[in-house]
Structure formats: structure tokens, C-alpha cells
Amino acid sequence: MMDNKRKYVIPGDVITTGPFRPEQNVILEGDKIISTTIGISEIYDDVVKVITLTGKYIPKIDDLVIGKINSHTSLSWELDINSCYVGFLPAQDVFGRDFSAHADELSSKLKTGDLVATRIANFDRTRDPLVTISDRDLGKIDSGVLVKISPSKVPRLIGKKGSMIQMIEMATDAAVTIGQNGWVVISCESPEGLLKAKKAIEMVNEKAHVANLTDQIKEMLQIKDNES
Amino acid sequence: MGGRDATMVLLDENGIRCDGRKIDEPRRIMIRAGGLKNADGSAYIEFGNNKILVGVFGPRDVHPKHMSNTDTGILRVRYHMEPFSVTERKNPAPSRREIEISKVIKEALEPAVMLEKFPRTAVDVFIEVLQADGGTRCAALTAASVALADAGIPMRDMVAAIAAGKVADTIVLDVNNEEDQAGQADMPIGYMPSLEKITLLQLDGVLTPEEYKKCVDVGVQGCKIVYELQKKALTDKYFGKGGD
């Protein structure tokens, strides 16, 4: 991994100079490519990017996020999606096209405080993110435990091609829904598995930058396996 | 000078200042990133006898709503001195001086912070001076910049700040409280080291053009020292001691 020049950077650090394409979390200033956040810089092919280690969740189209219903009007719900913007869920999305503001009461489907798995349908800088629940695996979450982690650590929790989360799911028999906004819902038949999965996820959150994290998680899950 | 020790020597013949420092030596600086759990980002700085705590929130919803800007995020800074931060109790209500310093720090941070990425939001910076000993605005600006980075707000560069000044006809780095009161000039400088740009420059006192240039140079050099410490504070928090 050291070949593609991974480096720890803070804002203002010059990552490299030369003909590279600046991508995530970097800016081009003259011929210098400068990091704009705390993170790990990566250079491959002609692309430079920084994987950030802090910060709030910024909505991106097609992201799966877990939201909490904050309030509703007669036409839409507003969701807390752990971001600087509120998620906007139109009533048509839930009731279908024949939704009528007179006949249908929004709180009959989703009440304040309910957790919902949603996908960002549309977002640009001019308006709040529009979310949808009309897809497979989306919709109201009825059971499970909500764990809040830092949104910047979500990629680490998923791991390469989902390796980390698969490992946790396999070892604990839990079903884990990860929202890109850092909210994670775990549901599991057995209470032990639930606690173990929760602990593993919290451990990823705390030790996201540690190199041999996978081994440490494996060890923790394994030890617990032997005990029980 | 108001009961002040008139015999105090600001600079002796060996070039040693009233608190034992050399002319180009800053006070002891300690910066720690993080520390406040409920804030999105925070920092604590000890700059000589200054002790300052900074908390950053955001980007978040703007209240009152009419303050929000559809093109960009806004930065709000509150600089506040605790009643116990100075020898005689300070009224906790924001004074004229505090309001001005809040504005000055806000404007010194604005070139660094990339708020245009978060339209219709606000980033709030709360600066609490726990103990003051001259040069709080520089220390506060330094800590605020670390706290913003800790909060993950995208920044073009860190802002490091320190004061230079003229004491006993000599240009010195990091003016302390005594030197500020009895000295001839005080020049706080905020500087972005990678971009090589100055974001804050104030001057209280009289300098010749040559002295002015020297003062800016000394200040910029000082900012680079401060920058290394900011870097260390963030590296320590995020990559453990001695990250590469």
C-alpha cells in the first residue's frame, strides 16, 4: 500500500506538485496540490485524493442514509439525517401517486421519531436533499439498535468490497444496515450477537486509522466466540 | 505609568527580555486538539500564560434564518473573556473590545475556510479566554484554526498567528502583556504558511517603513513556528504520537 504514497495530511499540507488531477478534499493552488482536511492522502495514476477522518456528512445522490423523522407538514416529512441539511421526504413517495392531502394523514404511516432507511434521490446546493423510500430494502425500520458513528469512518466499517462488515455479520449473525451518514442499525436474534456486533462497530469507529484493525476485530470477535 | 514598576528593564544589554526570552523567541506554546465532547471540533491552547478554549459547531442550520446565505455558508465567531481571566473581574457581557476581536478573528479565518461548499449553513466558533496575558487574539486565532480543522471543515490552509512588536527600540517576536503596555508597537499577524498569505495584520504604535518590514518578517517567521505546533497537535490527535 505504501507504493501509492499514502501520507497523513492536515489542511494546508502540500501533497505533491506536478500534473495530477485533484479529486476529493484537495485543491490546486498554482502547481501545488494542497489537502483541505485531516486525512490520508492517496496518489494513484494521475489522481490525488484525501480520505477524510473528520467532518459532517454531506449528502450525495444515491447514498443510503438512515434518517429520523423530525416533523411533517401535510405534504412531506422532514428527516434528521445527521447532516447540516434536513432530508425531505415527499408524501407521494410513501402513499403513491394517488396521495391526497385531505384524505391521507401522514402520521398514520411515519411518526415523529421513527427511523427510516432512505436513499438520497436528489441533492444540489440550491435545495435540501430529497430522499426516497421507494426501493428494495428501504422504508421504516421496525426493530434493531441504532449506533452512531462518525460519517467519515463509514468506508472503514464497510471495508474493501464489504469485507469488514461481512466479517462482523458472519461472526455475530446480525443484520447490519449502514447509512452513509454514520447511523448504523443492527438487528439480531440473539442479544449476545447484538452486543458483540455493537462493540465491534464501536471499535471500528474508535480505531479507524489503525493499520491492523481487521486483525484486532477478528481477535475480539474470536475471543468472545470461545468464551460463550 | 499607573503604579507599574518604572524600573522594569524591557531589554537588557545582553538582548534578554523582561521574562528571560531572547528577542526572536516566542513564549512556551502548547496546543491540544479535541477535548470537548459535545462540540464538532475543539482545541485548547496555552500560549505563555494565556489559556484559551475553542469550540466549533457546524456546518449547521442557521438561526435566525434570515442570516443564511444561499450562495455560501457563513462563519460566526464569538470571542469572550471569562470574568476571572484578568486580575480585576471583567464584566461577562461582551465589551466593545471583544466584539471587535470577534470580527477581526472572523475575517482572519474567512480566507482559509471553504464555506462555499456549504450554502445555507453556519459554522460557529466559540472562543473562551480562561486566562489572559497579552496576545490573546493571536492565540485565539491559532486555536480556532486547529478547532476548525478538528471539526473537519474544509480549509485551504491553517492560519497561524503571533504578534511582533517594537520594545526598547528593538523588533521582537511575541509581545507579552508587560511589553505591550510599555513597548512602542504591537503588530498581531495571522499567516497561512502553505499559501504564504497574510490574513490578519494590525498595528498599534509607530514604526518606520524599515521597522515595519522587519516586523512583518519577524512575525511571519514566528507564525511558521506556531504552525509546526498546530500541525503537531492535529497529528497527535489523529495519527497517534509520531505519525509520519
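Buried area is the accessible area (1.4 Å probe) that two parts lose on being put together, summed over both. This is a predicted model, in which local features need pLDDT of at least 70 and side-chain atom pairs count only at pLDDT 80 or more, while totals for chains, interfaces and linings use all residues. Residues are numbered from 1 along each chain as its sequence is written, chains are lettered from A and ligands numbered from 1 in the order in which they are written, and side-chain values use heavy atoms, with hydrogens and water left out.

Q: What is the area buried between chain A and chain B, and which three residues of chain A supply more of its share than any other three?
A: By that definition the area is about 2,500 Å², with 57% given by carbon and sulfur atoms. Of the part that chain A buries against chain B, 24% is supplied by Tyr8(A), Ile10(A) and Arg125(A), more than by any other three residues.

Q: How many residues does each chain bring to the contact?
A: Contact means heavy atoms within 4.5 Å, and on that basis chain A brings 27 residues and chain B 34 residues.

Q: Why does Val131(A) count as buried?
A: A residue is buried under 20% relative accessible area, exposed over 50% and partly exposed in between (1.4 Å probe, protein chains only); Val131(A) has 1% relative accessibility and therefore counts as buried. Val131(A) lies in strand 12 (residues 127-132) of chain A, where strands (E, at least two residues) and helices (H or I, at least four) are DSSP runs numbered from the N terminus. Not counting residues up to four places away in sequence, Val131(A) touches residues including Leu79(A), Phe88(A) and Ile120(A).

Q: Why is Thr136(B) called buried?
A: The relative accessibility of Thr136(B) is 4%, so this residue counts as buried. Thr136(B) belongs to helix 2 (residues 136-150) of chain B, and its contacts, leaving aside neighbours within four places in sequence, are Asn50(B), Ile52(B), Tyr79(B), Arg97(B) and Val129(B).

Q: What makes chain B as compact as a globular protein of its length?
A: Chain B contains four helices and ten strands. Its radius of gyration is 18 Å, close to the 18 Å given by the globule rule for 244 residues, so chain B is as compact as a globular protein of that length; the radius is taken over C-alpha atoms, and the rule is 2.2 Å times the number of residues to the power 0.38. Of the 244 residues of chain B, 54% count as buried.
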